[in-house]
Amino acid sequence: AAVLRRAMSFSSVSAASQARVGVVQMTSVGDLDANYATCSRLTKEAAAAGVKFLCFPEVFSFIGSKDGESVKLAEPLDGPIMQRYCSLANESSMWLSLGGFQERGPDDSHQYNTHVLIDESGKVRSSYRKIHLFDVDVPGNMVYKESRFTTAGDTVVVVDSPFGRLGLTVCYDLRFPELYQCLRFKHQAQVLLVPSAFTKVTGEAHWEILLRARAIETQCYVIAAAQAGKHNEKRESYGDSIIIDPWGTVIARLPADRLSTGFAVADIDLSKVEAVRSKMPISEHRKFESI
Ligand SMILES: O=C(O)CNC(=O)[C@H](CS)NC(=O)CCC(=O)C(=O)O
């Protein structure tokens, strides 16, 4: 089967390897119920549009406006907040990527920033704890110190799914290409997920370029769901939720200049991953194979 896939051209259709995926854009607020209502509505609309896998941005379920607010709400993955999202996946027969959930951490004052993958039966298939924390003085904006309330993860995670082998990351991870190299070359990821809440300032400067670079240099699909617009008096996110194919072409997007809540749809085709890789076999041409 692998040889067959390699022989196929860009335009050939392989039903088994194709799937309709969606990328959400939203403006989460400091209200669990309000955010759940938005996620639930979008999931049902996406299901009606034939989407089988829907990707939500970081802090989809809650964004705090005061220091330490989200740590107090942090729950384990089998707690009531995540259970609601599991039921939603089950009711809609939809795989969900829920990036940036406040998972209960190692102590009362720290959470993990966790990307949770739920299958169409509502089961948590896998989870990834954000490795790179955003301790950054954003030029002309504010100083972020994510590590004050968040403990970093230490484990690279891939998940096999009907949409290929998924590599799980979160937001600021995007700036560390070695993680994506590891996902592609060590763990054979085919689709990279980057749920985010990029700042307006850094998003304008870097977001699309970083995402397209990751897609091109790993020859993977990239699905990046983004928070957009004003969450509260202090926080504003860039938006521009995007799906990129393994050639680096943007195939779906919710533009940053229209900060609407919604989703964009693309049909991903894993034979394209194979076609790009077999014509340009960078995995065989690498000289620095330490990663
Ligand atoms: O704190 C929360 O509420 C949830 N976490 C986030 O929003 C995180 C840490 S503050 N944001 C980022 O990583 C932005 C990265 C970014 O903007 C860049 O790399 O330029």
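**Figure 1. The buried residues of helix H4.** In H4, the residues Met82, Tyr85, Cys86, Leu88, Ala89 and Ser92 are buried. Buried means 20 or more other C-beta atoms within 10 Å of the residue's own; exposed means 12 or fewer, and partly exposed lies in between, with C-beta atoms placed from the backbone. The six sit on the same side of H4, because they cover an arc of only 155° around the axis. That arc is taken from the directions that run from the helix axis to the C-beta atoms. An α-helix has 3.6 residues a turn, so residues three or four places apart point the same way.

The model is a predicted one: local features need pLDDT of at least 70, side-chain atom pairs count only at pLDDT 80 or more, and totals for chains, interfaces and linings use all residues. Numbering starts from 1 along each chain, as its sequence is written.

Figure 2. Helix H4 covers residues 80-92. Its 13 residues should span 18 Å at 1.5 Å a residue, and its end C-alpha atoms are 19 Å apart, which agrees. The expected span is 1.5 Å times one less than the number of residues. Helices (H or I, at least four residues) and strands (E, at least two) are DSSP runs, numbered from the N terminus. The buried residues of H4 pack against helix H2 (32-48) and strands E3 (95-107), E4 (110-118) and E5 (124-129). Contact here means C-beta atoms, placed from the backbone, within 7 Å. Just after H4, Ser93 takes a positive phi of about 50°.

**Figure 3. The shell around the ligand.** The ligand is surrounded by 16 residues. The closest are Phe134, Cys171, Tyr172, Ala197 and Thr202. A residue is near when its C-beta atom, placed from the backbone, lies within 6 Å. The shell has eight nonpolar, five polar and three charged residues. Nonpolar covers Ala, Val, Leu, Ile, Met, Phe, Trp, Tyr, Cys and Pro; charged covers Asp, Glu, Lys and Arg; the others, Gly among them, are polar.

**Figure 4. Phe176 in its loop.** Phe176 lies in the loop between strand E9 (164-168) and helix H5 (177-186). It counts as partly exposed, because it has 13 C-beta neighbours inside 10 Å. Lys200 is 24 residues from Phe176 along the chain, and their C-alpha atoms are separated by 20 Å.

Figure 5. Seven of the ten residues of H7 (residues 270-279) are buried, so the helix is largely enclosed by the rest of the structure. The buried ones are Leu270, Ser271, Lys272, Val273, Glu274, Ala275 and Val276.

Definitions and conventions. Two residues are in contact if their C-beta atoms, placed from the backbone, lie within 7 Å.
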